[in-house]
Structures are given as structure tokens and as C-alpha cells.
Amino acid sequence: MPPSERQDEEQEADGLRKVIHVDMDAFYASVEQRDDPALRGKPLAVGGSSGRGVVAAASYEAREFGVRSAMPSSRALRLCPDLVFRKPRFDVYRGVSQQIRAIFLDYTPHVEPLSLDEAYLDVTADLKGIGSATRIAEEIRRRIKAETGLTASAGVSYNKFLAKLASDQNKPDGLCVIRPGEGAAFVASLPVRRFHGVGPRGAEKMARLGIETGADLAAKDLAFLRAHFGSFAEYLFRAARGVDLRQVRADRPRKSVGGERTFFDDIKDPDALRETMDSIIDIVWERIERAEARGRTVTMKLRYADFKTLTRARSLSHFVADKAEFARIGHALLEDLMPLPQPIRLMGLTLSALERTGGEAAEIKDGQLSLL
């Protein structure tokens, strides 16, 4: 029996799950390059190229110049003067996503989509009786390439946190397996910047505290982490040990549509805060329209430089009528708090109390309209 299959059998015997995280490579940009061969090999951004446009996704060629999602298009063009822009075609991306989802469902009904291009699969008891999560991930990647012409990266492990870390490890077009007993050691070797939720400023604060790797983080007790990171401490404590008890939940209902942005430099200037709010409104409203969702509650989230988090919400008796009303509420929530007592490192805006009229309200991650 091959070692990978023997490990999978041991994993199931120990009561652990077999989890795969599949992540398409630069999905929106790759679809555009697939459909227009003239774009292949060129730095490409999906999004608006106007003065207030925002990059929704960037090809790997564009990322080499420092172009990233949620970046103002004007800055992206300064970084890469030869950058080619294409307007998003969400109907096309959704159709490709449905093709990929159908492949997943051939192996397990336990599929938890995170976005159009990313999902967790629990294959502890797979439908084809393959038994090896590694073999299933390899087969899924081959089928995605054959049926869509696109590449996917995958991570295989015994929980969601580790599977997601693994899928990022060998991008693009890669596979990484973290087997039982290997999780803590794998996390220990990683820079803390790889942990979801730890942005550039967070990594800088950790470095000042002597925390640069997962091993450094694991060496700190929970009281220390709570003193310096507040409610974020519990997540950091578990993550540093490779622990994640969340289950893969098929068709998880979305309660909100939103986005948030972590800044490279903390912001306090009122004009800069208002401009940032405008950019978040643009991207979040695009998500709302794509999800065909209506909601009554708008929530703003701010995280200060000291990691304390503040939220403010406003609920209406009617559904938010349009982008203009959404923007008015977002700016009103911000203005009520100004001047801020200290700079912020994160701003977010969310629409909740949803009623969906169709579509899919999905979180969009790095490379695809992410503001994280």
C-alpha cells in the first residue's frame, strides 16, 4: 500500500478528518487569459481602470510588480505601466465555478464553498471509495485542468486551518499534504504573516514582541497573548499549535456580505479615512450586486493600532435601497466617531439581515476582491 494511503487509513482510525482545501490560481485573471490567448503571459488586472477604479484580481505576472487585489488602479498602473485591465465578467466566473463545484460533488457531498474559486471538502468517507485524500486531491486537480483549462492548488490535512495553509504552500498549480502528527511542526516553521488575519502591521507588532514564527507564537502563553492582542488571542493560541475544531459545513448559509481592508500604514487623517471608506463601499457594493442580496443592517468595523476592535451598526426598517444609501450610512457611521482617538490598522463594512434574491453571497479572498 502506498505511504499516502496508509497515512490516510491511520488518520481515519484515529478519529481525525480528511480535509482538502482547493484554491484556484488567480481565478478571475486566469479565466480572462484562458479566453483571450493574447493576454497570456502579460500582466493583467481584472477591475476598473478609471481614476477611482480598484483592482479586483491580478495575474501572477502582475503580482511580480507588486500589484494586488483591492489596490487602487492608479497605484497599480504606477507599479506596472504595461498593466492590461479587463472588466469583470462575473457570469462567466460563476459558470466556471459551477463546473468546478460539480467535480467536487463527485467525491463528497461535504463541500463548503468560501468563494467562487475556493472550497473545503471533507473526504473522510468519499463517494468513490478511493480512501486516500491525497489521491482525491490529485484527481480533482487533474480534472479541473482537463475540464476548464485552469490550474488549481490544493492542501490536504486533518483540519481546515492546516489544509488552507497547505494549499498556499506550493502555489501556483501545487499540492501539499500535512499528515497527522506534522501539523504543529509545520506551523512552527511558518512566518506569522502566513496566519490568516495577521497583516503587515500585525506582523510588525509581533516582531517587536519577539514573535516572528509559529514557534515563537507557541512559546507565548494565553495570558500574554490576551494582554497584547485582545480577543484575537484565542485564535492565535490555537493556530500556533495547528488546532482547528471547525467542521466542513456544506452549503453554509451566509448571514452577511462585506469586506475589510488592513493597511500597510496605520491611518488617522480624516480625509484618508473617508477615501478608504469610499474604496470599501465600491468593492462591497459590487459584491452585494453580484450576490443579488438585500439587507437592512450596515455595520462598520475598525481595528485600532493597539488591536482593539470597534463596531458600529445601523439598522433600517427597509432594505438598503441602493449604493448611494449604503454609502451614506457607511460614511455616517465613520463621521460619528471622528476624530478617532488613535490610528486604525483595519476598516471594514458589511451588509447583513439579508434576504437573497438569487446568486451567491460568498466571501472573496486574496487575489479575488479580497480586502484582507
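How many aromatic pairs does the count come to?

## Aromatic pairs

In this predicted model, the count comes to ten aromatic pairs. One of them joins Tyr-28 and Tyr-93, which are stacked, with 4.5 Å from centre to centre and 10° between the planes. Tyr-28 belongs to helix α2 (residues 27-35) and Tyr-93 to helix α5, so this pair ties together parts that are 65 residues apart in sequence. Both Tyr-28 and Tyr-93 are buried.

Phe-229 and Phe-307 form an edge-to-face pair, because their planes stand at 90° with the ring centres 5.2 Å apart. Phe-229 is in helix α11 (residues 222-229), while Phe-307 is in the loop between β10 (293-304) and β11 (309-315), so the pair ties together parts 78 residues apart in sequence. Phe-229 and Phe-307 are buried.

Ring pairs also link Tyr-28 and Tyr-93 with Phe-27 and Phe-90 in a cluster.

## Charges over rings

Two arginines have a charged end over a phenylalanine ring. That of Arg-241 sits 3.7 Å from the ring centre of Phe-237. For Arg-303, the ring is that of Phe-232, and the distance to its centre is 5.8 Å.

## Cavities

The whole structure holds two cavities of 30 Å³ or more. The largest cavity contains about 50 Å³ of space.

Its lining is made up of Ser-97, Ile-100, Arg-101, Phe-104, Ser-115, Leu-116, Asp-117, Glu-118 and Ala-119. By class, four of these are nonpolar, two polar and three charged. Helix α5 (90-105) and strand β6 (118-122) each supply at least two lining residues, and α5 gives the most, with four.

Key
Residues are numbered from 1 along each chain as its sequence is written. This is a predicted model: local features need pLDDT of at least 70, side-chain atom pairs count only at pLDDT 80 or more; totals for chains, interfaces and linings use all residues. Side-chain values use heavy atoms; hydrogens and water are left out. On a 1 Å grid over the protein atoms alone, a cavity is a set of points where a 1.4 Å probe fits but cannot get out, and a pocket is an open set with protein on both sides within 12 Å along at least five of seven lines; lining residues have an atom within 4 Å of a point. Grid points are joined across faces, edges and corners, and a volume is the space filled by probe spheres set on the points. Ala, Val, Leu, Ile, Met, Phe, Trp, Tyr, Cys and Pro count as nonpolar, Asp, Glu, Lys and Arg as charged, and the others, Gly among them, as polar. Rings of Phe, Tyr and Trp (its six-membered ring) pair if their centres lie within 6.5 Å; planes under 30 degrees apart count as stacked, over 60 as edge-to-face and the rest as tilted. Buried means under 20% relative accessible area, exposed over 50%, partly exposed in between (1.4 Å probe, protein chains only). A charge sits over a ring if NZ of Lys or CZ of Arg is within 6 Å of the ring centre and within 35 degrees of the ring normal.
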